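Reader: I would like to learn how to read this structure feature by feature, with the general idea given before the particular case. Could we begin with how the strands pair?

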Amino acid sequence: MLTVQQLRKEYASKGGVPTLAIEEVSFHVKEGEFVSIVGPSGCGKTTLLMNLAGLITPTSGEIVVNDRQVVEPPEGVFLLFQEYNRSLLPWRSVLANVMYGLELRRQRSKARHPEEQARRYLEVVGLQGFDRHYPWQLSGGMQQRVAIARALTCEPEILLMDEPFGSLDAQTRSDLEDVLLKLWDEFRQTILFVTHDIDEAIYLSDRVLVLSTRPSRILHELTIDLHRPRSQLGTKADRRFIEYRAQIYEMITTNASCRS
Ligand SMILES: Nc1ncnc2c1ncn2[C@@H]1O[C@H](COP(=O)(O)OP(=O)(O)O)[C@@H](O)[C@H]1O
Ligand SMILES: [Mg+2]
């Protein structure tokens, strides 16, 4: 479904030293899989997703989505940005924001009932009744739900999520993690979820890729053998959950101290 082969990304700088963000990263994601990428701040996670979404070009290496090399934004892939409050349009209502996804992708003409589709996904994320509100009238968690509804309305095969819950309070964050797991259970998109939060990565995923500090490489790949459906209390108290957390934590701190 999604293959990254020896991806390397260096940012040029005018007259200065270029920044090597990604040294070399290779991995594969299967259809319907939920994979998280965890790594420290500044290690190149957003850079990786921007490459996958076809928004920037790799320095070398290859990205293949559905047997086609990515050279422009591929169809069926949706990138949910880190800063939801900047991705929503303040002058548009909640419903119009959700429909904007379809407009951008020129899917509006393809979707037979775009408004109905948008309303359906607003309901899926628990925002029925808020369609006439404006983003600034909603809490952070609700705004992020709008952004998720907009992504879902485009019915992407692959959803790329860049630290989507990073700036939310702990309670809203765990609520939205569970909303996401429920959605994934229903729609089974392929999800690549980027976070710097180890617990979040383990809790959500089938597999976790651990990135090094910049320039990033994959330090380790961990298959998460925890049964589903997961629950915030039960899953996080599971002995294996605690072992996975210790394993990843140790890998990240050892890597950080080796490099500093
Ligand atoms: N457009 C850009 N131009 C130059 N350097 C960049 C650009 N975007 C990111 N970087 C640098 O690349 C590195 C990785 O950034 P980023 O991918 O945003 O990391 P993360 O998402 O893991 O925090 C950082 O050192 C950052 O300063
Ligand atoms: Mg980032």
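This is a predicted model: local features need pLDDT of at least 70, side-chain atom pairs count only at pLDDT 80 or more; totals for chains, interfaces and linings use all residues.

Reader: Which strand does β1 pair with in the antiparallel sense over seven bridges?

Author: That strand is β2, residues 19-29, and here Thr 3 stands opposite His 28. Strand β2 is in turn joined by two bridges to strand β10, residues 216-223, and these two run parallel; in this pairing the bridge partner of Ile 22 is Ser 216 in β10.

Reader: In what order do the 10 strands lie in the open sheet, and which are the edge strands?

Author: The order is β5-β4-β1-β2-β10-β9-β3-β8-β7-β6, an open sheet with mixed pairing. The edge strands, each of which pairs on one side only, are β5 (68-69) and β6 (77-80).

Reader: Let us turn to the domains: how is the protein chain divided?

Author: The division gives domain 1, made up of 1-76 + 157-165 + 172-212 + 225-239, and domain 2, which covers 82-155. Their centres, taken over C-alpha atoms, are separated by 22 Å, and the contact takes 16 residues from domain 1 and 15 residues from domain 2.

Reader: How is the size of such an interface expressed, and what area is buried between domain 1 and domain 2?

Author: Interface size is often given as the accessible area lost when the parts come together. Between domain 1 and domain 2 the buried area is about 1,200 Å², and carbon and sulfur atoms give 63% of it. On the domain 1 side, Leu 176, Leu 183 and Phe 187 supply 34% of the area that this domain buries against domain 2, more than any other three residues.

Reader: Which elements supply the side of domain 1 that touches domain 2, and how many residue pairs are in polar contact between the domains?

Author: Both β7 and α6 (170-187) supply at least two residues each to that side of domain 1, with the largest share, six residues, coming from α6. Two residue pairs are in polar contact between domain 1 and domain 2, both at pLDDT 80 or more, while zero salt bridges are found across their interface.

Reader: How many salt bridges are counted by the rule, and what distance separates the closest N and O atoms of Glu 115 and Arg 119?

Author: In general, side chains of opposite charge can pair when their charged atoms come close. The count here comes to 15 salt bridges. Glu 115 forms one with Arg 119, with the closest N and O atoms 2.8 Å apart; both residues lie in helix α4, residues 114-124, four residues apart, which is about one turn of the helix.

Technical notes
Residues are numbered from 1 along each chain as its sequence is written. Chains are lettered from A and ligands numbered from 1 in the order in which they are written. Side-chain values use heavy atoms; hydrogens and water are left out. Two strands pair if DSSP finds at least two bridges between them. Domain bounds come from an automatic or database domain assignment. Contact means heavy atoms within 4.5 Å. Buried area is the accessible area (1.4 Å probe) that two parts lose on being put together, summed over both. A salt bridge is a side-chain nitrogen of Lys or Arg within 4 Å of a carboxyl oxygen of Asp or Glu. A polar contact is a pair of N or O atoms within 3.5 Å; within protein, one must be able to donate a hydrogen and the other to accept it, and residues adjacent in sequence count only if both atoms are side-chain atoms.
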